[in-house]
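Colleague: I would like to go through how the labels in this model are assigned. Please set each value against its definition.

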Amino acid sequence: MSDSAGEQAVPPTYPEISVVVATRDRPGLLERAVASILGQDYPGRVECVVVYDHVEVRDLDVPVGPDRALKLIANTRRQGLPGGRNSGVEAATGELLAFCDDDDIWLPTKLSRQVEELADPAVGAVSCGLRLRGPGIDKERVLDRDRVVHEELLADRVMEVHSSTMLVRRSTWAAAGEVDEGIPGGYSEDYEWLLRVSAHTPIAVVRQALVIVDWHGGSFYFGRWATIVEAQRYLIGKHPELATSRAGMARLRGQIAFALASGNRRTEAVKELAAVVRLNPREKRVLVTVPVILGLMTGERVLRMAQKRGKGI
């Protein structure tokens with residue numbers, strides 16, 4: 001069929017998408033995640049690159065249909081999630097890049113809906129809403145706006161912009177740079193990368209919950225308080241623009257104060273908390289840190305209580 005004036009209709013184009021899944025070898029959860037990626041209704045080619053993080057590379061029992069590819073590789077970079085994601089991107093062939101945690105699930109329309117947003121050439125990255133699902137929780141988190149910009153991420157982590165929701169152009173990846181493998185313990189690596197992405201492009205948002213995040217109420221960082229302190233100080237040092245937001249700086253230093261208190265470094269915690277109050281007296285981490293400083297609660301207990309409500313510290 002032709003358009004008016006005899007012109008031929010231009011068929012839609014569907015760029016190839018590569019999805020990187022870094023894993024520490026959790027076979028059941030991993031196969032569930034990969035199946036949800038390869039089962040997308042996106043008409044274009046989808047490549048799933050599974051990166052085994054310094055463990056044996058194992059085959060997966062997942063069907064691979066037409067225009068779908070599954071690549072299983074080892075992490076050749078520094079051990080940890082940042083190195084795994086960077087290894088995956090190095091091996092990826094797609095024009096668009098996405099990431100999925102090995103215990104999360106994508107709904108079938110995720111990629112199709114996000115690629116629609118990339119029709120706007122001014123947009124280099126797209127997120128979407130998510131659903132937290134786990135013991136005692138089933139909660140949607142969907143933003144009430146269509147864009148997230150750099151200034152918002154300086155002021156707040158914006159938890160709805162989750163690593164498993166992100167789809168970016170390869171040009172965005174090149175401009176922002178790879179995931180930072182030097183950040184202590186890999187803590188906040190996704191937020192640090194998002195700061196660089198958002199400095200390059202606004203992040204579009206599909207206002208639907210298209211990712212299910214397996215919210216199990218635990219954390220790889222439980223008890224690793226010194227790592228958290230070191231990583232957040234590293235983040236502040238690397239991104240001096242964070243100082244332009246008093247609320248954002250209070251949030252980060254509040255996390256440092258909480259980790260110091262949880263690690264029984266109470267004198268340091270008190271000094272850090274005083275700085276937080278000067279920056280933003282309403283910072284919520286003041287209230288949760290004081291009981292830990294006083295020895296009334298442990299940091300682990302506070303964190304578990306927050307996670308049961310679908311929140312972090």
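Colleague: What makes the contact of Glu181 and Arg77 a salt bridge?

Modeller: The term requires a side-chain nitrogen of Lys or Arg within 4 Å of a carboxyl oxygen of Asp or Glu. In this predicted model the side chains of Glu181 and Arg77 have an N to O distance of 2.9 Å, so the pair meets the definition. Glu181 sits in the loop between helix H5 (170-176) and helix H6 (189-200), and Arg77 in the loop between strand E3 (68-74) and helix H2 (81-91), 104 residues apart. Salt bridges with shared partners join Arg77, Glu90, Glu178 and Glu181 into one network. Both Glu181 and Arg77 are buried, where buried means under 20% relative accessible area, exposed means over 50%, and partly exposed lies in between (1.4 Å probe, protein chains only).

Colleague: On what numbering and which atoms and confidence limits does this rest?

Modeller: Residues are numbered from 1 along each chain as its sequence is written, and side-chain values use heavy atoms, with hydrogens and water left out. Because the model is predicted, local features need pLDDT of at least 70 and side-chain atom pairs count only at pLDDT 80 or more, while totals for chains, interfaces and linings use all residues; pLDDT is the predictor's confidence in each residue, from 0 to 100.

Colleague: What is the pLDDT average, and where is the value below 50?

Modeller: The protein averages a pLDDT of 92, and 94% of the residues score at least 70. Over residues 1-6 the pLDDT is below 50, and this stretch has six contacts in the model beyond near neighbours in sequence; a contact means heavy atoms within 4.5 Å. Where pLDDT is low, the predicted coordinates should not be read in detail.

Colleague: How many salt bridges does the rule give, and which residues does Arg26 pair with?

Modeller: The count comes to 26 salt bridges. Arg26 pairs with Asp102 at 2.6 Å, N to O. Arg26 lies in the loop between strand E1 (17-23) and helix H1 (27-38), and Asp102 in the loop between strand E4 (96-99) and strand E5 (105-106), so this pair ties together parts that are 76 residues apart in sequence. Asp103 also forms a salt bridge with Arg26, with the closest N and O atoms 3.5 Å apart. Asp103 is in the loop between E4 and E5, 77 residues from Arg26.

Colleague: What makes H6 a largely enclosed helix?

Modeller: Helices (H or I, at least four residues) and strands (E, at least two) are DSSP runs, numbered from the N terminus. H6 has twelve residues. Ten of the twelve are buried, so H6 is largely enclosed by the rest of the structure. The buried residues include Tyr191, Trp193 and Leu194. H6 reaches 17 Å from its first C-alpha to its last, close to the expected 16 Å; the expected span is 1.5 Å times one less than the number of residues.

Colleague: Why is Ser188 called buried, and what is its phi?

Modeller: Ser188 has 16% relative accessibility, so it counts as buried. Ser188 is in the loop between H5 and H6 and has a positive phi of about 65° although it is not a glycine. Val158 has a positive phi of about 50°, and it is not a glycine either.

Colleague: How do you know that the protein is as compact as a globular protein of its length?

Modeller: The protein has eleven helices and ten strands. Its radius of gyration is 21 Å, close to the 20 Å that the globule rule gives for 313 residues, so the protein is as compact as a globular protein of that length. The radius is taken over C-alpha atoms, and the rule is 2.2 Å times the number of residues to the power 0.38. Buried residues make up 52% of the 313 residues.
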